[in-house]
Amino acid sequence: MTTALYPGSFDPVTNGHLDIVSRASGIFEKLILGVYDAPPKNLLFTTEERVAMAKQSVLHLRNVEVVTYTGLTVHFAQKVGAQVFVRGLRQGSDFEFEFELALMNRMLAPEIDSAFLMTANEYQFLSSSLLKEAARMGGDIEGLVPEHVAKALIERLKAQS
Ligand code: ADP
């Protein structure tokens with residue numbers, strides 16, 4: 001069985017991430033969405049909130065599991081027996097970063113390979129940080145995140161202002 005790990009902060013999960021998740025879940029037998037348990041300083045949502053939003057978003061995908069982790073991503077991948085990292089690619093700058101990350105991961109864990117899925121056209125401009133920026137300024141975020149995420153985002157930003 002091929003297990004793939006899709007790691008990230010997912011602060012919050014967007015339709016761009018979910019497009020990668022649903023396509024990867026059709027390729028690999030098991031997909032683990034790894035929510036990085038980062039120190040909360042630059043994040044809008046707690047780890048528990050990010051996990052809960054991601055879980056609710058993938059309920060319809062039976063071979064996808066949402067798990068939180070700390071420490072080195074390769075160590076977590078080894079722990080869960082993942083053979084592949086899944087990452088998404090948007091514009092050129094993603095490529096440079098992802099290229100370096102993949103080579104570093106390969107050096108740390110040569111038995112795990114990286115697979116890259118190209119973003120869908122409609123999500124190529126979408127990142128969690130730009131989404132939060134747009135929502136903070138009152139922009140319409142419909143179609144960019146699932147409804148429950150939009151609601152949580154709007155509530156959190158309202159509470160902060
Ligand atoms: P990080 O926490 O590493 O900054 P994110 O949690 O935002 O990254 O994203 C995790 C992965 O999802 C990365 O590989 C990123 O390139 C990819 N990704 C983010 N947004 C999109 C999108 N709109 N389309 C495709 N891939 C995306």
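This is a predicted model: local features need pLDDT of at least 70, side-chain atom pairs count only at pLDDT 80 or more; totals for chains, interfaces and linings use all residues.
A residue is called buried when its relative accessible area is under 20%, exposed when that area is over 50%, and partly exposed in between, using a 1.4 Å probe and counting protein chains only. Residues are numbered from 1 along each chain as its sequence is written, and side-chain values use heavy atoms, with hydrogens and water left out.

Let's begin with the whole protein. You can find six helices and five strands in it; these are DSSP runs (H or I over at least four residues for helices, E over at least two for strands), numbered from the N terminus. Following the sequence, their order is β-α-β-α-β-α-β-α-β-α-α. The C-alpha atoms fill a box of roughly 45 × 30 × 30 Å along the principal axes. The radius of gyration is 15 Å, which agrees with the value near 15 Å that a compact globule of 161 residues would have. That radius is taken over C-alpha atoms, and the globule rule is 2.2 Å times the number of residues to the power 0.38.

How much of the protein is buried? Of the 161 residues, 47% are. Now think about contacts, meaning heavy atoms within 4.5 Å. Among contacts with a separation of 6 or more, 77% link residues 24 or more positions apart. The protein exposes about 9000 Å², and carbon and sulfur atoms supply 55% of that; such accessible areas come from the Shrake-Rupley method with a 1.4 Å probe, and for residues only the protein chains shown count as cover.

Val-21 lies in helix α1 and is buried, because its relative accessible area is 0%. Leaving out residues up to four places away in sequence, Val-21 touches Tyr-6, Leu-31, Leu-33, Val-58, Leu-61 and Val-64. Ala-54 sits in helix α2, residues 47-57, and also counts as buried, because its relative accessibility is 0%. Ala-54 and Pro-146 are 92 residues apart in sequence, yet their C-alpha atoms are 9.8 Å apart in space.

Next, look at the loop between β1 and α1, where Phe-10 lies. Most residues other than glycine have a negative phi, and most peptide bonds are trans. Phe-10 has a positive phi, near 50°, although it is not a glycine. Pro-12 belongs to the loop between β1 (3-8) and α1 as well, and a cis peptide bond with omega of about 0° joins Asp-11 and Pro-12.

Phe-10 also leads us to the ligand. A polar backbone atom of Phe-10 is 3.2 Å from an oxygen atom of the ligand. Here a polar contact is a pair of N or O atoms within 3.5 Å; within protein, one must be able to donate a hydrogen and the other to accept it, and residues adjacent in sequence count only if both atoms are side-chain atoms. Glu-98 places a polar side-chain atom 3.1 Å from a ligand oxygen atom, and a polar backbone atom of Tyr-123 is 2.9 Å from a ligand nitrogen atom. Taken alone, the ligand exposes 550 Å², and the protein buries 84% of that. Around the ligand there are 16 residues, of which Tyr-6, Ser-9, Gly-88, Tyr-123 and Leu-126 come nearest; a residue is near a molecule or strand if one of its heavy atoms lies within 4 Å of it.

Our last stop is helix α5. Which residues of α5 (residues 128-136) are buried? They are Ser-128, Leu-131, Lys-132 and Ala-135. These residues cover an arc of only 95° around the axis, which puts them on the same side of α5; the arc is that of the directions from the helix axis to the C-beta atoms. An α-helix has 3.6 residues a turn, so residues three or four places apart point the same way. The cover over the buried residues of α5 includes α1 (15-27) and α6 (147-160). Ser-128 counts as buried because its relative accessibility is 14%, and beyond residues up to four places away in sequence it touches Asp-11, Pro-12, Thr-14 and His-17. After α5 comes Gly-138, with a positive phi near 85°.
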